Each structure stands twice: as C-alpha cells, then as structure tokens.
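Trainee: Could we go through this model together, one piece at a time?
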Amino acid sequence: MIVYQQEIKAFYLSGKNYCYLMRVDGSGRLQNLHYGTKIPLSDISYLIAQVGDPVSRELVDLNFYANERIFSECGVYGRGDYRSPSIVIERKDGGIMSEFRYVRHTIEDGAPALEGIPHVRCSGQTITIFLRDLCSDAEIELNYTVYDDSDILVRNAKIVNAGKQSFCLRKAFSFCVDLPDNNYKILRMHGAWTRERTPEITDLGHGIVRLQSTCGASSFGIHPFLCLLEQDCREEKGVCYGVQLVYSGNFALTAERNSFGTVRLSGGINDEQFCWEVRSGESFVTPQALLCYSERGLGELSRGYADLIRERIMNPAFAFAPRPIVINNWEATYFNFNNEKICALIDEAAKLGVDTFVLDDGWFGKRDSDSSGLGDWYVNEKKLVGGLTAVIDRCKMNGLKFGLWFEPEMVSPDSDLYRAHPDWAIHKDGIKPIRGRRQLVLDFTRQEVVDYIFRVIADILRSNDISYVKWDMNRFITECYSASLPSYRQGEFMHRYILGVYELADRLTTEFPKVFFEGCASGGGRFDAGMLYYFPQIWTSDDTDGYERTKIQWGTSLCYPLSAMSCHVSACPNHQTGRMTPLSTRGAIASLGASGYELNVSALSDEEKNACKEQITAYRKISDLVLRGDLYRLSDPFSENCFCEMIVSKDKRCAYVVGEQLRAMPLPNTRFVKLVGLAEGKRYLIKELNITASGKTLASVGVALPKLGDYESFIWHIEEVKI
Ligand code: GLA
C-alpha cells in the first residue's frame, strides 16, 4: 500500500510486515522517517517531530554538520554530507557537487519494466519520486515498489539529463537509505571456487564496510548481498535488514556507520572505474535492489527472498514446474568421451529414472582439453560420430530429453573463431592478455559479437531437439577495454559487457521459450538474482562433496530459493576434496535443491544403482516442496556438529527434513533438533520414526537426533494427522 499525505508531504509505503516512511522536508529534500516494523499511518506526524527536528532548515543553514544527520534517500557529494554519496554527476566544467530537491511524484499499479536489464516481473504498486539537482541539469526518478504479501521493497533509480550538455555519471547507485544507528552486526558472504557463499557475521563498527566485485561478474569472492542484524537477531527471531541486487556485473554494497547516529545502506553498480556519459535527453537506468525487512530473524528474511525470486523474478513458465532430473557427463568423462561412453551413460542413467541427459564441455570444435575450441560451436564429429543427432536419438530411444553445454562468452586463442576475429576478444593493443583457464573473454559490448554468438547458438537449438542448455562462464575479465568504445566511454565497459550478456540471454530465452536454461560460472561464480531472471536454476558449486555442500547450500539459501540451486550427486572419493561420504548422504543433500547426477553410473554396483533409483523416486515425491515450500534452517554446519534443514509446505500440512551428522562422537550426548516452522496447533506424524506430536512440542522440545557415523544422514517425512 502507498499513501501520500499532502498536508505534511509524507509518503507511507507498506508491505506485509514492514513500512517505509519518507517526507519532503522544509528544504525540499527527500528524507527517510522510518524503515522497519509496521506502525500506524496516523503516527507520521509523531515521526516527523522525532526524526525531522534535528534537521530543520535553520539548523542546516547554520551548521552544515547537520547534513550528516539527515536520513537521506539520495546521498550527494560536496554539500556538507560527508557520508558516501549514492549519485555523483560530473558536469562538463568539472563540478561534481549535487543537491536534489523534490519536484513531484506518481503512484501506479505494477512495477517498472526496465529495458535491457533483469527486473521484478509484474504486480505490486510503485511510487516514483522525481527530484531535480540544484547544481546540474540532472533529474532523478526514484522508484519504490511494494507488495502487500511480501517484505521486499524493490528500489532503483533513473538519472535523466534534462540539460543541453552531456554529463558523466561517476556513481549511479540503485538505492540509498539511512537508518538510525542501532549497534548492528553485519552479515556478508565470502567465498572462492568450490567454497561459495560462506556467511560471516561481525560487528558493523564505525566507518564503511564495502562489499564489491571488480571481476566483471557478481563473483565468488564477495556476494551481492548484505544484511544488518540487531545484536539479538538469530535464525528465527530478531530484526534484520537485507539487501541484494538484481545484477550480475561489478557491484558495490556499502554499510556506513557515522558519528552522528546514522547507518547508511547503499549500493548498485560498482563505481570504481565506472563513468557513464549521459547526453542531452538521455537517461541511465540502474539495476534493482531488493531490500528486505524481517523481525523474525534470518529465516523469515530468506523465505521472503525465496518467495519474491520464484514468484516475481524467475521465468514463470519454469519457476514452479517440476525441474528436470539430469545426468551430466562432466565428472564421469571430463573431455575424454566418444559415442560408446556417452551411449553407455545414457543407457544406464535411463534405468535409474532420470529425465534428461546433459552433454557437458568437449562436444564441439577441437576441444579435447581446455586449451582449445571455445567459440567453435559446431559438433566434433571425430569424437561424436553422427553428431548430436546420434546422441539425441540414443536419448530418445531411452525416453530421455537432451541438454547441451555452451560457454557463449568465451573464445580459445586456438579456435577458428579467434583466428577469424582476434579483435573480438577483450584486449588492449600492446598489452599481452592474461589468460584464465587458457581462454579469453569475448567483447560483449560489441553488438556484432552478441549477434554472431546468438546466430550460432540459435542455429544449433533450431536444428536439434534440445530441451536444456547449461550456460557456463569459466573466467573473469582482465584488460577491461573495448576497441569499439571511444576513450571517454571506457568507464562504461564493465556495465556494457553485462548488458551484452543480458541481451543474449534475453534473445535466446525468448526465441526458445521451451528450452530450460541453467546458469553456471565455474560453479557459483555468477549466482545472483539477475541471472535467475533468465535461468531458473544455477549450478551452485563445482564442489559436490556431501559435507562441503551443506555449507554452500546453507549460505546460498540465505537469499535464494532452494529451486534456484542445482545440486548433483557425484562420485566418491569426491573429485574436489577426496572425501568419502555415503551415497545416501549425497542424495539427501542434493534433494534440497534441483537434484541430479554427475557420475559414471555404469561403474556403480547394482546396490548403488538401486539406491539411486530409489532416491529419484523419493525426490519426485518431495520435489513440489522444493519448488514451493518454506525453508527452515535448523542446525548449522559451521558451528554445530550436525546439519539440519526442513522444508514445510505453505499450508503446513507436510514437511521434509534432511539432517547430516558431521563427525561421529563416542558416547554422544542426546541432542534435540527443534522443528520450528510447523503449525503449533496441528499434530504431525514423523513417518520414519513412527511418532506423532504437536507442532508446538516439535518446535519447543524438538526431536532427538539419531546417533550416526561420520557424514551419515537422515531424512524424515512429516505429515499432519487429523486429531
Ligand atoms: C565449469 C563447470 C563444470 C563443467 C566445466 C566444463 O567448471 O562448473 O560444471 O561444466 O566447467 O568445462
């Protein structure tokens, strides 16, 4: 709901459990009054008296330090507010100070459809507040979208050049909000290849905490998500504020605690090395930021993000449709395959009950290792006699669908594409390009490159029966420069690159609406809400170890739905860690996402094959919970000796629990896991244990954990029983 109170120039925005209040102050600035628990509309005047007074016009004029006390909705530079600005505009004369004043606003149903960049799809209600810069010809439109059934507030900004001369945007963040200082803690997620999204909670402290990526993608290193937590915030209690970006390129998110009682949250496209020329009459649209308020802990925050992403960001044709259970040949064969091996894999996998065979890297060009072939998207008939048709026919014979791996943004120096167009690879003349995995990145800021790659991939998808595409991206960008951009536009390179990626993803998914796309970047190196707009699931990590995955999936679930996570059962010893974990555990952990297999099934014993078959049958029965249910994280694998998560159906009639003992203990203490998230007043049966209890007892007393060995797991199916 959005209400404007004309007499006091105040805006009341509210969602399911929060409200967001702003007003235009006496000087015309847009000021935040409150972001947090839902308070009555009638209390706006009270808030103005509380928050508004210290920044009255007189005080601002007398003492410019007062500008650092303002709870601003748009941080500016050069006018006495020394916190980090959210918008910086450099005019032709070199001046970079700004001061924005309210002009007007509109309130409309729906959410803005941003062109060329992923965004929330529809519904809700949006207020656009128009501000004018007193120091330049810039105008800003701040968009706020709210939903009655969600705790997510969607924000972004559009900067318009209303003057005659160009200006340069040196910083164009998507949002800025100042909160009263509350001695917050901050949660961020860091990582690396095979160690994605590890949560870390520290005190916020004073000064700026800046999370950012500079590699051209949302990255492994730091995730485009942060969360402020009140000191007593836990998994299912306490107040926290989250923010994540619907963006896949270089980002920055900052939390700044100053000495005057404010904490500024802001973020968007990384402003380091960024500069965007906005000509007269042109505008620049920033990506959307998803702000989430929870007063029931991190769990509620995660469930809010999960619902928004699957209901309003993912492609609706796939968001809630059963996900294909795949067998992928990568860890089974790597590059070393031929018809015989692939057919054997297909035949065996079909017997287990999978839906789709995915042919991974190595099927095209001269691609027998990672040193050649990328960019040559035509089948290597020496390796696969009869081409893709032979493989697809084999799949069909077995009742399977077929999926294919691409790495559209890349080129190998040893490839026909590179020999024909060496200038299409990102480079700077005179500087030897750094290779990553022996490959170079194509310059997706160039339209002809995007057009070419679209054409070749579209040809393959048109002429073959392909129902699934895995879109990989195995290195980050260096020598960030495009020969097609003038020198003064090189600061646009990184954002233009990701716009090129979005364009290709958009054209391919639009032209082939029935093809299911999975994202990937050496695992989870570009796992973000922007990519999920095009690809309903992303390969979570190249690390499929039955223990490491509990941590990676736990972290990822903080701000994404389970269905976004592609999770495979792979061989033991694990190829990344060398660890042995039971097949049942690997299957149980993979069932907490879009499940599949990635191992040489022919090498499995009959007993193991039967176990996989049973896992697949069991997974099909709970897959609707994975697609639609609510996640409760019950025991965390970072600080506890047990991992445990539960998915509960929205109507609270059934639930699915997966637990894993990490290290076995001699004479272990009896430990209980509290099944928080069921309906207190209902009675439930835990089928595997054959016990019944009320939701209240299961949540408050809990269930004794079974005594298990290293990395052994348990699964409980829970159902409501009528009293
Ligand atoms: C990346 C992916 C893997 C696999 C290989 C192929 O590492 O994450 O799943 O596709 O590339 O080269």
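Mentor: Gladly! Two strands pair if DSSP finds at least two bridges between them, and strands (E, at least two residues) and helices (H or I, at least four) are DSSP runs numbered from the N terminus. This is a predicted model, where local features need pLDDT of at least 70, side-chain atom pairs count only at pLDDT 80 or more, and totals for chains, interfaces and linings use all residues. Residues are numbered from 1 along each chain as its sequence is written, and side-chain values use heavy atoms, leaving out hydrogens and water.

Trainee: Which strands stand at the edges of the open sheet?
Mentor: Four strands form this sheet with antiparallel pairing, in the order β1-β2-β3-β4. Two of them have a single partner strand each, so one side of each is left without a neighbour in the sheet. Those edge strands are β1 (2–5) and β4 (30–37).

Trainee: Are α6 and α7 roughly parallel or roughly antiparallel to each other?
Mentor: Helix α6 (residues 339–352) packs with helix α7 (residues 387–397) at an angle of about 20°, their axes 9 Å apart. Angles under 35 degrees count as roughly parallel, over 145 as roughly antiparallel, 65 to 115 as roughly perpendicular and the rest as oblique. The two helices, α6 and α7, are therefore roughly parallel.

Trainee: How many residues of helix α12 (residues 548–556) are buried?
Mentor: Buried means under 20% relative accessible area, exposed over 50%, and partly exposed in between (1.4 Å probe, protein chains only). Among the buried residues of α12 are R549, I552 and W554. The helix α12 is largely enclosed by the rest of the structure, because the buried count out of its nine residues is eight.

Notes: Axes are lines fitted to C-alpha atoms, for helices over the stretch in contact, and angles run from 0 to 180 degrees between N-to-C directions.
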